Amino acid sequence: MLENVHNHIINELQQSSRTDTVFIISAVLYNLVVLGISWGVAAGGNPNEPYPPENDFILALLIIATLMINAFIVKALQAGKNTRVKLLDGIIKMYKDNEVDKYYDIELLKAYTTRYKLFSVIIMILASVAIFIPLVARILG
């Protein structure tokens, strides 16, 4: 029975990792794509024509969408981190109960927390770039 519980926790950790990976890759791709689109919208197209006013509305919608999507992704990563911590806590308790906890370095929990923080920072930086570069292009262009 203990082996089944252990395997279940390991499977949950693997699923959580895959889900987090999808969120991270999606965030990076989304931010890069929206950066290109927003920059194009902010530039306004043909330099011989006046800047279309509807582009400001489109740019505002893209900025709002970028803020919301990235906030949800960071929130999802936080949930993933919390899930991982709880699952690893369960494994550590199981290892202690069976006196094999000396084979698992508790510092891994700190490493996972640091990794999630770094992923969140990277996503926030990319989101900031996707928002501010088009705004600067619009304001200065």
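Mentor: Start with the surface. The accessible surface of the protein is about 9200 Å², and carbon and sulfur atoms hold 68% of that area. Keep in mind that this model is predicted.

Trainee: What does the C-alpha trace span along its principal axes?

Mentor: About 75 × 25 × 15 Å.

Trainee: What share of the residues is buried?

Mentor: Buried means under 20% relative accessible area. In this protein, 30% of the 141 residues are buried.

Trainee: Where is Leu77, and is Leu77 buried or exposed?

Mentor: Leu77 sits in helix α2, which covers residues 54-97. Its relative accessible area is 0%, so Leu77 is buried.

Trainee: Which residues does Leu77 touch, leaving out those up to four places away in sequence?

Mentor: Asp20, Phe23, Ile24, Tyr116, Phe119, Ser120 and Ile123. Take Tyr116: 39 residues separate Leu77 from Tyr116 in sequence, yet their C-alpha atoms are 6.9 Å apart.

Trainee: What share of contacts comes from residues 24 or more positions apart?

Mentor: Among contacts with a separation of 6 or more, such pairs account for 81%.

Trainee: And the charges: how many positive and negative side chains are there?

Mentor: The protein has 12 positive and 12 negative side chains. The centres of the two sets are 5 Å apart.

Notes
Residues numbered from 1 in each chain as written. Predicted model: local features only at pLDDT ≥ 70, side-chain atom pairs only at ≥ 80, totals over all residues. Heavy atoms only, no water. Buried < 20%, exposed > 50% of the residue type's maximum accessible area, 1.4 Å probe, protein only. Contact = heavy atoms within 4.5 Å. Areas by Shrake-Rupley, 256 points an atom, 1.4 Å probe, with all protein chains shown as cover. Lys, Arg positive; Asp, Glu negative; His and termini not counted. Charge placed at Lys NZ, Arg CZ, Asp CG, Glu CD. Helix = DSSP H or I, 4+ residues; strand = E, 2+ residues; numbered from the N terminus.
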